[in-house]
Each structure stands twice: as C-alpha cells, then as structure tokens.
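Student: I'd like to go through the charged pairs in this one. Can you take me through them?

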Amino acid sequence: MNHLYPIFLKVHQLNVLLVGGGFVGTEKLSFLLKSSPEAHVTVVSKEFNEEFLELAQSASHVTLIEDAYHEKYLGGKHIVIAATNFPEVNKQIHGEAKERFILVNVADTPALCDFYLGGIVTKGNLKIAISTNGKSPTTAKRLRELFEEILPEEIDELLENLNAYRATLKGDFEYKVKTMNEITGMLVEKERA
C-alpha cells in the first residue's frame, strides 16, 4: 500500500540544493523546472554536462557552484536532492541533511528518500501528481503521458469558469460545497443509454 502523503510545494518560495550536474542531475533539474519554472535551485557539482548547462542557463533562479559537495552548502536549504554518481557521497548528503531536518531525495535510492519526484501532468491550473511509491518510475511516466494525451487543453478554461462561478456563490461553506458538487458531478457521470 502506498502510504505517501501528496502535497504541492511552492518551490519558488523554498531553497533547493541539487548536488550533481550529470545525467541524473539534469533529469532532476528538468523535472523541478518543468513544474516550477521559478524554483530557486543551487547546484553543486565538480562538473556539469552540456545539457545541464543549457537547462540551467535557461532558468532565472538557478545558481551553479563548481565544487565538490561540502556540508556548508546545506545552509539555508529546505530541500536537498542528491544526484551524484557516487553512492558514498549521496549517503553522506542524506545523513547531513537529516541531521539538519532538511527533506532529502537521493536519486534511485528509495530507502534514502523523504519524498519522491513522481510523474506530473500539468494542464494550465490543473496539476496531477502520480506516485508508484518508488516502485516503477517508468509506469508513472507512462501514466503521465496517457493523462497528457486524454485531458483536453480546454480543462483550464473549465477551471477558470468554475472558479468565477464559485466566487459568486453566497451562503455558508456547506452550501457552496453542495452547489459546486452538483455542478461538477456531470464531469464524472457515466453516459446513459
């Protein structure tokens, strides 16, 4: 059973440390920036691959530090992602982050993760997160692709209209919930023959 608690973080208001500028680091940075283009990310790595540099240069809030990891880089961080090619360094990052009560994700090491970076589907204001509890990132990726294909682009217009209508409702919370449930109920009704 999946016991993960899903939350949506305002990463643009947090300070993220990413350690590693290779293939996995590129994947992690790409994921962060796709969901949160204004994410504040400090990246520490001895070297950065070409794709990583291109991605980092296209983002306004990514700071690159060409250096080996040192615990001093944990200062002022809320989230840490360890994505080096060295398991012993990743384990060190995990231990030092935990000592400081910083949430940490160690790439490809579920046992050393406080959170996973799941599949994300974004259609305007609608965002759906997909988790396989770390069991199969490939399945999360395929489900993301499926949802991206089947959810219409117009879903954002629907959300905007429902939000505008909700703002016009008078009455207590219970009334508003009941009214919105009635209106949105048609979204999940089965076709009747």
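Tutor: Glu 153 is exposed, since its relative accessible area is 58%. Bear in mind that this is a predicted model.

Student: Which residue forms a salt bridge with Glu 153?

Tutor: Lys 123 does, with 2.8 Å between the closest N and O atoms. The pair links distant parts of the chain, 30 residues apart. Lys 123 sits in strand 6 (residues 119–123), and Glu 153 in the loop between helix 4 and helix 5.

Student: Is Lys 123 buried or exposed?

Tutor: Lys 123 is buried, because its relative accessible area is 7% and the cut-off for buried is under 20%.

Student: OK, the whole structure now. How many salt bridges does it hold?

Tutor: Seven salt bridges. One of them joins the side chains of Lys 34 and Glu 148, at 3.5 Å from N to O.

Student: What does that pair tie together?

Tutor: Lys 34 is in helix 1 (residues 23–35) and Glu 148 is in helix 4 (residues 137–150), so the bridge ties together parts 114 residues apart in sequence. Lys 34 is exposed at 54% relative accessible area, while Glu 148 is partly exposed at 26%.

Student: Which residues are linked in a network with Lys 34?

Tutor: Arg 144 and Glu 148 are linked with Lys 34 in a network of salt bridges.

Student: Switching to Glu 145. What does it pair with?

Tutor: Glu 145 forms a salt bridge with Arg 142, and the closest N and O atoms are 2.8 Å apart. The two are three residues apart in helix 4, so about one helical turn separates them.

Student: How accessible are Glu 145 and Arg 142?

Tutor: Glu 145 is partly exposed at 30% relative accessible area. Arg 142 is also partly exposed, at 47%.

Conventions. Residues numbered from 1 in each chain as written. Predicted model: local features only at pLDDT ≥ 70, side-chain atom pairs only at ≥ 80, totals over all residues. Heavy atoms only, no water. Salt bridge = Lys/Arg side-chain N within 4 Å of Asp/Glu carboxyl O. Helix = DSSP H or I, 4+ residues; strand = E, 2+ residues; numbered from the N terminus. Buried < 20%, exposed > 50% of the residue type's maximum accessible area, 1.4 Å probe, protein only.
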